[in-house]
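Colleague: I am new to this structure. Could you walk me through its pockets and its helix packing?
Modeller: Gladly; let us look at it together.

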Amino acid sequence: MAERRGRRTASGLDRLDIDLLRALSSYPRASIRTLAALVGASPSTVSKRLSGMRRAGILLGEGLRLWVNYEKLGFDLTAVIEVTVSKGKLLEVERKIAEDPHVTAVYDVTGPSDVIVVARFENRGQLSEFVKGLLSMPNVERTNTRVVLNVIKEDDSELINLLEESIRE
């Protein structure tokens, strides 16, 4: 089984590491053996790679609950973008926005704007290009972009505790 070394990202990841991150995203509870089968590597190689990503701070969390630290992968810029849509074309615009690989969330919301978009970028140039692309879309009236300075909390794991508490009551 090939280890797929070769070209690496700015954060030092190679194709195998990226394939592992993708497999973990799709199957967060997969065993080492399952992950190995998914990425075409040996279980010992997968185990070493996962340990290395944990040591590097790329994978966060314990046990079966892992988070990817996208800043360590070069996506240092997170933007929250409000979008106002006209002419009843909300779903079409939202679906189109959701196709962009930088977009991590699209929310249909109430209030002065119609859509909230959360997206991650490697630099200001990518953000600028993305926002200009939004503004050129048919039926997008305006955008309001906010850049995240610091992440205080980005964790939904406590929701399970709320479910457990509701069962006990």
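**Pockets and packed helices**

Modeller: Start with the largest pocket. Its lining counts 42 residues, and nearest its centre lie Val68, Asn69, Tyr70, Thr104 and Arg120. Keep in mind that this is a predicted model.

Colleague: How is such a space found, and what volume does the largest pocket have?

Modeller: The general idea comes first. Rolling a probe the size of a water molecule over the atoms shows where empty space is left. Here, the largest pocket has a volume of about 1,500 Å³.

Colleague: How does the lining of the largest pocket divide by class?

Modeller: It has 24 nonpolar, 8 polar and 10 charged residues.

Colleague: What lines the second largest pocket?

Modeller: The lining of the second largest pocket consists of Lys96, Ile97, Asp100, His102, Phe121, Gln126, Glu129, Phe130, Gly133, Leu134 and Met137. The space in this pocket is about 180 Å³. Both α4 (90-98) and α5 (124-135) supply at least two residues of its lining. Helix α5 gives the most, with 5 residues. By class, the lining of the second largest pocket has 5 nonpolar, 3 polar and 3 charged residues.

Colleague: Now the helices. How do I read a packed pair?

Modeller: Two packed helices are described by the angle between their axes and the distance between the axes. Take helix α1 (residues 15-26) and helix α2 (residues 32-39). They pack at an angle of about 120°, and their axes are 10 Å apart. That angle makes α1 oblique to α2. The crossing of α1 past α2 is right-handed.

Colleague: Which residues of α1 and α2 meet?

Modeller: From α1 come Leu16, Asp19, Leu20, Ala23 and Leu24. From α2 come Leu35, Leu38 and Val39. In this contact of α1 with α2, 7 residues are nonpolar, none is polar and 1 is charged.

Colleague: At what angle do α1 and α3 pack?

Modeller: Helix α3 covers residues 43-55, and it packs with α1 at about 85°, with the axes 11 Å apart. Therefore α1 and α3 are roughly perpendicular to each other. On the α1 side, the contact uses Leu16, Asp17, Leu20, Leu21 and Leu24. On the α3 side, it uses Thr45, Val46, Arg49, Leu50 and Met53. The residues of the contact of α1 with α3 divide into 7 nonpolar, 1 polar and 2 charged.

Colleague: That leaves α2 and α3. How are they placed, oblique or perpendicular?

Modeller: Their axes come within 8 Å and cross at roughly 100°. So α2 and α3 are roughly perpendicular to each other. Ile32, Arg33, Leu35, Ala36 and Val39 of α2 make the contact with Pro43, Val46, Ser47 and Leu50 of α3. By class, this contact of α2 with α3 has 7 nonpolar, 1 polar and 1 charged residues.

Colleague: Where should I look to link the two topics?

Modeller: Look at α1. It packs with α2, it packs with α3, and it gives 5 residues to the lining of the largest pocket.

Note on methods. Residues numbered from 1 in each chain as written. Predicted model: local features only at pLDDT ≥ 70, side-chain atom pairs only at ≥ 80, totals over all residues. Heavy atoms only, no water. Axes fitted to C-alpha atoms, helices over the stretch in contact; angles between N-to-C directions. Helix = DSSP H or I, 4+ residues; strand = E, 2+ residues; numbered from the N terminus. Parallel < 35°, antiparallel > 145°, perpendicular 65-115°, else oblique. Left-handed = near helix turned anticlockwise from the far one by under 90°. Contact = heavy atoms within 4.5 Å. Nonpolar A, V, L, I, M, F, W, Y, C, P; charged D, E, K, R; others polar. 1 Å grid on protein atoms, 1.4 Å probe; cavity = no way out; pocket = protein on both sides within 12 Å on 5 of 7 lines; lining within 4 Å. Points joined across faces, edges and corners; volume = space filled by probe spheres on them.
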